[in-house]
2 protein chains.
Amino acid sequence: MGRSRVQGKHAGLTRDQVLQAAVHLADRDGAAALSMRKLARELDVEAMTLYHHVQNKQGLEDAIVEYVLAESLSPPPPPPASWQQVVAGHADELHRGLAKHPGAVPLFASRTAITPRTLAILEHLLRVLRDAGFAPRTALHLVYAVAGAVVGQHLAYAGEQNQQPADVADLAGDDLPVLAEALAGGPVTMESRLEFTLTALIAGFETLLPGG
Amino acid sequence: MGRSRVQGKHAGLTRDQVLQAAVHLADRDGAAALSMRKLARELDVEAMTLYHHVQNKQGLEDAIVEYVLAESLSPPPPPPASWQQVVAGHADELHRGLAKHPGAVPLFASRTAITPRTLAILEHLLRVLRDAGFAPRTALHLVYAVAGAVVGQHLAYAGEQNQQPADVADLAGDDLPVLAEALAGGPVTMESRLEFTLTALIAGFETLLPGG
DNA sequence: TGACCTCACTTACGGCGTAAGACTAGCATC
DNA sequence: GATGCTAGTCTTACGCCGTAAGTGAGGTCA
């Protein structure tokens with residue numbers, strides 16, 4: 001009694017509102033700080049209410065991952081393009097989606113989103129790669145490698161942000177001359193790391209092509 | 001009162017015992033199931049006692065990561081070898097270490113171990129790569145890419161294990177013919193994925209060499 | 001002897017996820 | 001209108017969690 005809200009019993013909370021608020025909360029405070037109670041408070045509702053829109057907390061986290069992916073990955077291939085461009089474009093979409101919701105990144109570490117939508121996108125990528133000459137299984141490996149690299153770099157970057165800013169460059173000092181030299185040009189950004197990794201991966205894939 | 005243990009006040013618990021038990025617990029029940037209280041119970045001790053040997057829970061997790069790395073990574077380069085062999089060997093050590101403690105894998109997602117030991121190993125790798133013709137910064141990118149790939153594949157694999165065994169191969173059916181074909185040869189193992197990724201990465205690095 | 005240090009224990013607080021169940025509004029049916 | 005059903009919400013409660021704060025027993029050394 002005495003809630004500030006309308007207290008009408010059917011407030012008309014929808015699953016979409018719940019998801020949107022959850023993504024927002026994760027973006028703001030990080031995935032680790034996401035709790036059912038806090039999310040409910042945000043929506044001016046009791047915690048247990050959320051369980052009508054979401055199976056449990058893991059279900060909520062799954063839904064966040066799907067939400068972020070759905071927001072980022074575009075299903076159709078617009079113009080004819082080289083497989084390199086298609087793969088790089090896919091990686092870039094994924095990268096941008098994660099960059100948009102950095103708080104949700106840890107959720108990607110422990111789950112694989114298997115939805116009709118993601119499967120359709122996967123199938124499309126596989127088709128492009130097969131048409132380019134890759135065996136289907138090799139193509140699957142390739143897609144996994146690219147997705148893993150993108151998520152992995154984001155994860156690593158997020159982890160570093162949470163760490164003491166004890167500048168590694170200082171530690172490097174005289175004992176670690178090559179490391180010091182490598183860091184001389186300023187800290188390594190995630191973007192540059194990701195770009196390097198993807199460039200190397202794609203170049204490596206080219207050498208694996210039967211005719212290459 | 002009335003504990004079953006000796007109840008002598010100084011039981012002689014050491015940090016090493018704590019760490020070993022923590023790694024064991026993580027291996028058995030997974031990192032998510034690791035709690036100060038459970039760990040204390042395992043050691044027949046009260047939870048707060050652990051705080052004499054470890055700063056807090058995050059400190060414990062950091063220590064586990066260091067422990068696993070220290071157990072796995074060998075610092076010296078034994079015989080002269082190609083940079084490709086050195087890099088592949090390093091990746092293999094890391095892979096084996098993670099495979100030995102799968103429960104600890106999630107802890108690697110959110111932190112970068114910066115210890116004198118790991119820095120020394122990093123320096124060594126950078127030196128080998130620089131001597132092979134890579135610019136120091138490129139070499140650093142390269143090491144990050146490899147480490148990220150190994151940890152990423154383990155993470156992805158661990159995530160899949162926790163998921164419904166809804167056989168993707170079944171879902172693939174007729175709508176996703178290329179995916180079905182890719183999965184026809186049985187499920188993709190982590191080993192094969194990792195090997196593929198590393199092969200591609202190293203092949204890609206070769207193309208980035210000034211003289212290559 | 002007594003001061004001090006180290007290690008372990010006790011108690012307590014505020015959080016968490018969620019099982020079980022009670023209440024209520026709206027709707028379909030008679 | 002009365003009845004009963006359903007779905008959305010709230011209440012209560014349980015057993016976890018990390019850890020701050022305080023207590024006290026043994027050992028060490030002046």
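Is R28(B) buried, partly exposed or exposed? At 46% relative accessibility, R28(B) counts as partly exposed, where buried means under 20% relative accessible area, exposed means over 50%, and partly exposed lies in between, with a 1.4 Å probe and protein chains only.

Before I go on, please keep in mind that this is a predicted model, in which local features need pLDDT of at least 70 and side-chain atom pairs count only at pLDDT 80 or more, while totals for chains, interfaces and linings use all residues. Residues are numbered from 1 along each chain as its sequence is written, chains are lettered from A and ligands numbered from 1 in the order in which they are written, and side-chain values use heavy atoms, with hydrogens and water left out.

Let me stay with R28(B) and turn to its partner. The side chain of R28(B) meets that of E42(B) in a salt bridge, at 2.3 Å from N to O, a salt bridge being a side-chain nitrogen of Lys or Arg within 4 Å of a carboxyl oxygen of Asp or Glu. E42(B) lies in helix 2 (residues 36–42) of chain B and R28(B) in helix 1 (residues 15–29) of chain B, so the pair ties together parts that are 14 residues apart in sequence; helices here are DSSP runs of H or I with at least four residues, numbered from the N terminus. E42(B), for its part, is partly exposed at 40% relative accessibility.

In chain A, R28(A), D29(A) and E42(A) are joined into one network by salt bridges that share partners. One of these bridges pairs R28(A) with D29(A), at 3.5 Å from N to O, and both residues are partly exposed, R28(A) with a relative accessible area of 46% and D29(A) at 34%.

Another pair in chain A is E71(A) with K100(A), a salt bridge whose closest N and O atoms are 3.8 Å apart. Because E71(A) lies in helix 3 (residues 57–72) and K100(A) in helix 4 (residues 83–100) of chain A, this pair ties together parts that are 29 residues apart in sequence. E71(A) is partly exposed at 37%, whereas K100(A) is exposed, with a relative accessible area of 52%. Over all chains, the count comes to 16 salt bridges.

Now to helix 1 of chain A itself. This helix, residues 15–29, has 15 residues and reaches 21 Å from its first C-alpha to its last, close to the 21 Å expected at 1.5 Å a residue, where the expected span is 1.5 Å times one less than the number of residues. Its buried residues are V18(A), L19(A), A21(A), A22(A), V23(A), L25(A) and A26(A), and what covers them includes helix 2 (36–42) and helix 3 of chain A. Just after the helix, G30(A) takes a positive phi of about 95 degrees.

Next, a residue that touches the other chain. H141(A), found in helix 7 (residues 136–161) of chain A, counts as buried at 9% relative accessibility. Leaving aside neighbours within four places in sequence, H141(A) is in contact, meaning heavy atoms within 4.5 Å, with V188(B), S192(B), R193(B) and F196(B).

Finally, the relation between the copies. Chain B can be laid on chain A with an RMSD of 0.0 Å by a turn of 180 degrees and a shift of 0.0 Å along the axis, the superposition being by least squares on the C-alpha atoms of residues with pLDDT of at least 70 in both. That is the relation of a two-fold axis, and in chain B the C-alpha nearest the axis is that of G204(B), 1.9 Å from it. Of the interface residues of chain B, 100% are also interface residues in chain A, so the copies meet through the same surface.

Key
Helix = DSSP H or I, 4+ residues; strand = E, 2+ residues; numbered from the N terminus.
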